[in-house]
Amino acid sequence: MTSDDKPTPTDDQDAAAKSRAAADTALLEAFGGVRGMVDTTVPGLVFVLLYTIKRDIHLAAIAALGLTVLLALARLARKETLKHAFSGVFGVAFGAIFAMMSGDAKNFYLPGMLYTLGLAVAYVLSAIFRYPLIGVLLGPMLKENLSWRTRNPGRLRAYTKATWAWGLILLAKSAILFPLYWWGDATQLGWVKVALGIPPFLLCVYLTWIFLAKAPPPIDVIAEMEAEEKAERERRRARAETERVTDPLLAEWTDQIVSEARGESADRQPPRFP
């Protein structure tokens, strides 16, 4: 390798900057970004606001569900990803059904609370068993898949710390909400749940960003696979050329067969093998 071919510090800085930008984009995309926060927070706000004013479970539940459907349709019209919108629709739908069937407005929040608790336990268990969910989620988006588990210990540590952060923060959120569900009223639970919707999420995303910013860059296994496939094609081509040079009589015979198969006139006689 010549001095011109060696990577310069500027090239390394550019690569690191691109890696960080890709990680930031993947992080926002994975957790829904601003639109995801809107889709998951506003319907609950509408429910608790209408219930506080009207004390009508059916009206509040139907209004929240209708707003969630409108948000999903807006994403569909803009050809945006629907995974966060659909999760919001199903969550609000289950909550609305539970609340209307039981006659208890607090049950509107129960499916989301159970989901949060289950997710927190999953985060903690995955971190304990060294298979952190944040890495599983972000790995494919950063084109590193699961290479961080065996080839990039720095990123394994970062993903583990981020996963612990998500698990503990969500456990703390559950520890606040479930006592209110058992002993508080629906209005108290609703307003506290809305207040705890965005801040813990932003804290989790921020901590994840901090941990990954200090970690080594991801290993692009997709690029490695493509490079290996290209190298294999080059090796096969070189092997074929070598065989062609080392056995010119066979090459001549092969060229004639190919010409005849294409319908070309071949005035030459087949080469005579000694």
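Start by selecting Asn 145, which sits in the loop between helix 6 and helix 7. Keep in mind as you look around that this is a predicted model. The phi angle of Asn 145 is near 50°, a positive value in a residue that is not glycine. Asn 145 counts as partly exposed, with 32% relative accessibility.

Lys 143 has a relative accessible area of 46%, so it is partly exposed.

Next, switch to a surface view and pick Leu 117, Val 121, Leu 125, Ile 128, Phe 129, Trp 164, Leu 168 and Leu 171. Together they make a nonpolar surface patch of about 710 Å². Which helix gives the most to the nonpolar patch? Helix 5 does, with four residues. Color helix 5 (110–128) and helix 7 (153–183), and you will find that each supplies at least two residues of the patch. Zoom in on Leu 171, which is found in helix 7; at 31% relative accessibility, this leucine counts as partly exposed.

For the last stop, hide the surface and go to Gly 190 in helix 8 (residues 186–195). Is Gly 190 buried or exposed? Gly 190 has 0% relative accessibility, so it counts as buried. Show its neighbors: leaving aside residues up to four places away in sequence, Gly 190 touches Val 48 and Tyr 109.

How values were computed
Residues are numbered from 1 along each chain as its sequence is written. This is a predicted model: local features need pLDDT of at least 70, side-chain atom pairs count only at pLDDT 80 or more; totals for chains, interfaces and linings use all residues. Side-chain values use heavy atoms; hydrogens and water are left out. Patches are made of residues with over 30% relative accessible area and no salt bridge: like charges are joined within 9 Å, nonpolar side chains (Val, Leu, Ile, Met, Phe, Trp, Tyr) within 5 Å. Accessible areas come from the Shrake-Rupley method with a 1.4 Å probe; for residues, only the protein chains shown count as cover. A salt bridge is a side-chain nitrogen of Lys or Arg within 4 Å of a carboxyl oxygen of Asp or Glu. Buried means under 20% relative accessible area, exposed over 50%, partly exposed in between (1.4 Å probe, protein chains only). Contact means heavy atoms within 4.5 Å.
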